[in-house]
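Thank you all for coming.

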Amino acid sequence: MKKSTVMMNIIIIIILSFGIPVGLLYYYDNLRIIQLNNMQAKKLWAENQKEIGIIKEQVSEKIKNITSKLSILSNEKITSKYSIILQNRIIKDTSYSSKAGKKSISNEFLKRVKNFDSDIVLLFTNGNSLIANKPELNTLSFTRNNKFLQVLPSKKISKEINFIAGQAEFFIPVLDSKERLVSVLYVKENILNISENIRKETQSVHGYNLIFDMAGKTLLNTDKTKENSENIFIYPDLKSIITEEVKDEDVKEATYNNFKGILGYKKIENMDFVVCAFTPYVDYGFMRKTTRKYESVFFDKTFFIPVYVILIAAFFIILLYANHISNLPFSPLRKIIRAFSHIDEETFEEFLPKIKKGFLKKIIDSILILRSRVKASDEKAAKLSQMAKELEEEMAREAAKSDTEISQMRDAIKIIENTKVSLEEENIKLKKEMEKQKAEFDKKLADEKAILNQKIIDLTRDLEKFKNDLKKAQESTIPLEKENMRMEAILMMNTELKGVLSVIKTYISSVLGGEGKITDAQQQFLGVVINKSARLERLINDLTELARLEKGEIKLLRQPIDINTIIQDVIFAVQPQADIKKIELKINFSPTLTNCLGDSGRLSNVITQLLNQALKVSPRGSKIIIETKEEKEKVIMRFTDFGMSMPQTKASSLFVNFHGPESSAGPEFANTGLRFPILKAIINNMGGDIWIESEIGKGKTFVIALIKSSEKGTISKETEAKKTEPAINKSEPTPVAGIKIQRNLMQDIVKPEVKQEKAKEELLSVNDLLSFKESDVKTNVNLPGKDVNVPQDLLKKDEKTKEPKLPDELPPLPDLNNGKGIL
C-alpha cells in the first residue's frame, strides 16, 4: 500500500470521527427549531379561530343568498309561474288535430301570454310550432332537440340553463285531464342579471362564486375565463364534493386557485349542479399576523468560532502524528528497492536489510529464489537460441523444394484455364440456340392459348345463352299470348263479380232501408251477408291488383330512393302502436347505405304492412329489429320479430298461397288473403325480391333485397345481368307455376265453419285458374248464390260507362228461408 493511500485513509477516518458528531448536533438543533416554530404557529391559529368562525357564517349566508336567486329556475317555480297556461282547459283538453281546435287554442294562448316577457311557444308533440307570443318564433322546430325528446316519454319538465349566454330554456309537458301528453310548452327565460349578480357579489375582494355540474364542468365563475374551460377535478377539495359521500351543504377550509381560505357549498339536486362561494385568507388582516421565528445557533459566532478552532487544532496534531506512524513500515521497503539496482552483482544479498521474521523476511526470501530462477532461465534461453538457428537452416532447404513444386502447379493451372475458356464459349453458343428455340416455342404456345381462350369464350357464351333459354322456359310455362288471355279473363271475371256484388249489396240495402217488418234473425243474416260481401269485394280487388301486377299493367317507378329515410318515416307512424304494447323498435341502419331503385310510395306501403304484421304477432314487452345493409349489387332490409316462428319448409308458401282461416304458413297469417303474394309482386316489379327466414324458437325475419342505384340513377349492366338471379340463396326455390290459391276460395268466404274439409282440398295455381273454360267455371268453381235467379236486366251494361245498369225498380229478393240465401 502506498504512503499516500495510507494517509488518505487516516484523513477519512479523522473527518468521519469529527463530522458525524457535528452533523448530529446540526440535525437535532434544526429539529428543535422546527418544533418551536410549529408551537408558535398553532398558538397564532388558535387566536384566529373566533374570526374564522365569523367568516364561515358569512360564507354560509352568501350560499343561501345565491340559492334563493336560483330558486326561481326550479321546476316548481316555473310550473307555478306558467300554470295559467298549463292548467287552461281550452289549451289542454281541446283537440289539436282539428282546424277549429287549433284556432281556439291559439286565441286562448295569446290571451294568457300578454303579461309575460319571456319567449313562449306552444309545440305539437312532433316538435313543430303551433303558436308563439312573438311572430318570429312561429317558425321554430324542435324535432331533433334532445331536451324536447326527453319530455315525450317521461312527461316531465326538461331544461337547459346557460349562465354564460344568460338564458334558460324549459320544455314543459301539457297534460290533459286524463294525464295524456297533448303538447309541449317551450319557454326561454332571460337570466343575464342573475348570472352577473352571482359573479359580482363575492364575499371578499379576491373571493370567487362558482357553479359546476356533477361532471365537474364549470358553468359560472367570477372569473369568466374559467367558465366552460375549468375542470374542478384538479382541486381535491372541490372534487371530494362530487366523488365522496359528503353533506349536501357545508362550510369548510379549502384551497382554490392557489389560495387557502373558506369554501361554502350546497348541492341543488333538482338542478343537478353545486353552488360554491370561496373567500381566501389573504383578504383578512388578522390572518397576516406573524410571530418571531426561532433560528439555529449552530452558525452563531459566539458558538462556532471557539469550537471550530479547537477542532481544527486537534485535527492538525493528529494528522502530524499519523504521518510519523505511517512512515515506520516503509523504511525496510526503501532498502529493498535500492538493492534491486545491484541484482546482477554477486554481492546482492549484502544490500538487502537484515530481517529475521515477519512478512518482509518472506519477501526477501522470495526475491532470492526468483533471482536464482532467472539465472536458470537465461541458460535455457541460450540453448533455445542455438536450436532456433538449426531450425532456420532446415526451413530454408524445405522452402527451395516447395518453390520447385509451386512452379509446376502454375503450369498445370494455365492449361486448365485455357480449357475452361474454350468450354465457356461452347456453352454460350448452346445457350443462344436454346433461347432461340424457347422463343419459338413460347410464340407457338401463345397462339395455341389464344385459340383455346376464344373457344372457351364461345363455349361460355353458348352456355349462358342455354341457361337463359332454360330459365325462360322454366319461368314461362305457357305462351305469352295465352298468358295475356288468362289475365284478361281474370280481370273480366273480377268485373263481372263486382257487378254481381253491387246488385247483392243494392238488394240488401233496399231490404234494410225499405218498408216492412224484418225479424231480428233476418236482420242478423243480412248483416252477415253485407260483411261477407265486403270481404269478397276486398278479395276481388286484391286478385285484380295481383293480376295487373303480373301482367305489367301497373307500372312502378324505378328511381333512386333513400331506404333509411323511408323506414324512419314508417317507424314514426307506427311508434304509437308499439308504445301501447311496450315493444321496442331497435334500429341498426348502415350509415353509408347507397340509394336503391324503386317506388318510394309502394315501398313505404310494403314496409308499413310488414311492421304492422310484426307488431300484431309480437308478444308484449318484446322487441322488433330493423336492419339495413349492402351486399354486392343489392340493398338489404331485414325486419325481425320474436313472435311465433315457423319451419323453413313452410316459409316459401307464405308468398304463393291464399291464406284463409286455415293458413299453411301458420296461424298468425290466417285471414291475410292475398296480402303477401301482392307484396312479393310489388317488390318483384321493382326488380327486387322478398323472402322470409325463420328458425323454430328464434322468431322470423322478413328480408327485402332491392337493386343499388348507380350515379345517374340507372341500372348498371352488371346489375341488369343479375336482375333475374335471386338476391340471396334461399333454402327453397320459388315455384314457377304461379301463385297458388285455394280452389274453394268462394266457399271459404261464404261458409267459414267448414274448415276441416277445405284444408284437405288440393291447391290450384293462378295459371290453372286463368286457363279456364266455360265448362270449368260451371264444374270446378262453386260460386255462392249460383242457384239464385238474377234478372238479366240487372246484368246489362251501359254502353258508355261499361258498368252494370240498374233498373229504376228492383225485383223482389228470393225467399231466404229456402236454405239457399242464408249465409
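When I say contact, I mean heavy atoms within 4.5 Å. What you see is a predicted model, in which local features need pLDDT of at least 70 and side-chain atom pairs count only at pLDDT 80 or more, while totals for chains, interfaces and linings use all residues. Residues are numbered from 1 along each chain as its sequence is written, and side-chain values use heavy atoms, with hydrogens and water left out.

Let me start with cysteine 596, which lies in strand β13, residues 596-598; strands here are DSSP runs of E with at least two residues, helices are runs of H or I with at least four, and both are numbered from the N terminus. Leaving aside neighbours within four places in sequence, cysteine 596 is in contact with Gln559, Pro560, Ile561, Ile563, Val635, Leu706, Ile707, Lys708 and Ser709. Of these, lysine 708 is 112 residues away in sequence, and yet the two C-alpha atoms are 4.1 Å apart in space. Is cysteine 596 buried or exposed? Cysteine 596 counts as buried because its relative accessibility is 0%, where buried means under 20% relative accessible area, exposed over 50%, and partly exposed in between, with a 1.4 Å probe and protein chains only.

Ile563 also belongs to the next part, the packing of helix α15, residues 563-580, with α16, at an angle of about 35° and with axes 10 Å apart; axes are lines fitted to C-alpha atoms, for helices over the stretch in contact, and angles run from 0 to 180 degrees between N-to-C directions. On the α15 side the contact includes Ile563, Ile566 and Val570, and on the α16 side Leu603, Ile607 and Leu611 are among the residues involved.

Helix α16, residues 600-617, also packs with α18, residues 675-685, at an angle of about 145°, again with axes 10 Å apart.

Finally, I turn to an open sheet of five strands, in the order β2-β1-β5-β4-β3 and with antiparallel pairing, where two strands pair if DSSP finds at least two bridges between them. Strands β2 and β3 stand at the edges with a single partner each, so one side of each is left without a neighbour in the sheet. Helix α5 lies across β1, β2 and β5, running at about 35° to β2, and its buried residues are Gly101, Ile105, Ser106, Glu108 and Phe109.
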